[in-house]
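Please examine the sequence and the structure shown here. The briefing that follows is arranged by topic.

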Amino acid sequence: MSVLTRLFPLWAVLVSVAAIAYPAPFLVLTPAITPLLAFIMFTMGVTLTAGDFMRIARRPLPVVAGVVLHYLVMPLAAWGIAHVLGMPAMIATGMILVGCVSSGTASNVMIYLSRGDVALSVSISTLSTLVGIIATPVLTRFYVSSGVSVDSWGLFRSIVEIVALPVMGGVIVNTICPRLVRRVEPVLPLVAMVSIMTIIGSIVAGVRPSLAAVGPLVLVGVVLHNAIGLLGGYWGGRLLGFDEAVCRTLALEVGMQNSGLAATLGRLYFSPLAALPGAVFSVWHNISGSALAALWAGRPPRDDRP
């Protein structure tokens with residue numbers, strides 16, 4: 001099972017290629033995108049306990065630093081890249097949405113493989129998700145071009161429905177039925193992976209006619225965006241005086257986004273093109289995160305703070 005989930009970048013690329021070659025089966029699944037994403041967030045909630053929230057209070061500084069870096073670096077980087085590359089309005093909006101959502105759930109696995117601080121990673125992901133309920137619609141409204149209409153209340157309502165309620169439901173289920181959760185927990189990563197691949201395939205199939213024109217531009221933007229996030233998180237941690245394990249954790253927490261949420265919100269509130277950066281980011285950040293994890297796995301972190 002773990003081998004299958006570790007190969008997620010490969011499956012995501014194959015699904016994207018299949019969606020381009022044979023879009024019809026993926027287009028049929030388009031109505032399932034929102035429920036699937038809500039289910040993914042529920043699986044995240046199922047892995048959380050009250051102790052995860054208490055950990056934030058016991059160790060606030062690196063957690064708050066990770067969340068602040070995340071919502072400072074990624075939206076600003078997305079806005080800057082979109083303007084430098086001269087992206088069309090809907091593509092730029094999709095880039096900004098990617099920058100304004102919370103940390104990606106896959107970051108916890110990458111941080112474990114990177115010999116980072118997994119407990120800190122879970123704390124940052126949890127707080128980032130909670131903060132994102134307000135931060136995502138507010139930052140999207142702030143950064144998106146004034147020529148693009150932004151339904152901030154609609155974004156907030158959808159984030160509550162897709163993120164907050166499912167995560168809360170997952171935590172409640174884990175609290176009430178912990179034995180049941182432990183039995184099904186081993187298959188949850190695989191189920192979540194299949195769900196996100198379905199979302200990617202449906203989005204790619206929906207924008208297939210425009211891929212030749214905007215695909216390369218989106219890929220360049222996504223690669224730059226992800227790289228700035230990884231570097232910003234790592235060196236932000238260095239400047240704040242954290243040790244190597246914490247810096248690695250911040251790099252991946254800042255650089256990896258809940259891009260499935262960005263893609264879903266882009267499709268719901270803007271256009272299919274606005275969903276494309278999120279779909280591409282979903283594939284790319286798993287490739288870059290896996291490569292970075294493999295590099296760091298062979299280099300045990302040392303406490304070499306100045």
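UniProt, in an unreviewed entry, places the feature "transmembrane region" at residues 33-51, 63-85, 91-113, 120-143, 155-175, 187-207 and 213-235; such annotations may be inferred rather than shown by experiment. The model is predicted, local features need pLDDT of at least 70, and side-chain atom pairs count only at pLDDT 80 or more. Residues are numbered from 1 along each chain as its sequence is written, and side-chain values use heavy atoms.

**Annotated spans**
- Residues 63-85 are 96% helix and 0% strand, with end C-alpha atoms 33 Å apart.
- Residues 120-143 are 100% helix and 0% strand, and their end C-alpha atoms lie 29 Å apart.

**Whole chain**
- The protein chain has 16 helices and zero strands; helices are DSSP runs (H or I, at least four residues), and strands are E runs of at least two.
- Buried residues (under 20% relative accessible area, 1.4 Å probe, protein chains only) make up 53% of the 306 residues.
- Of the contacts (heavy atoms within 4.5 Å) between residues at least 6 apart in sequence, 84% join residues at least 24 apart.

**Helix α14**
- Twelve of the twelve residues of α14 are buried, including Glu244, Cys247 and Arg248.
- Aspartate 243 caps the N-terminal end of α14, with a side-chain oxygen 3.2 Å from the backbone nitrogen of alanine 245.

Definitions and conventions:
Buried means under 20% relative accessible area, exposed over 50%, partly exposed in between (1.4 Å probe, protein chains only). A polar contact is a pair of N or O atoms within 3.5 Å; within protein, one must be able to donate a hydrogen and the other to accept it, and residues adjacent in sequence count only if both atoms are side-chain atoms.
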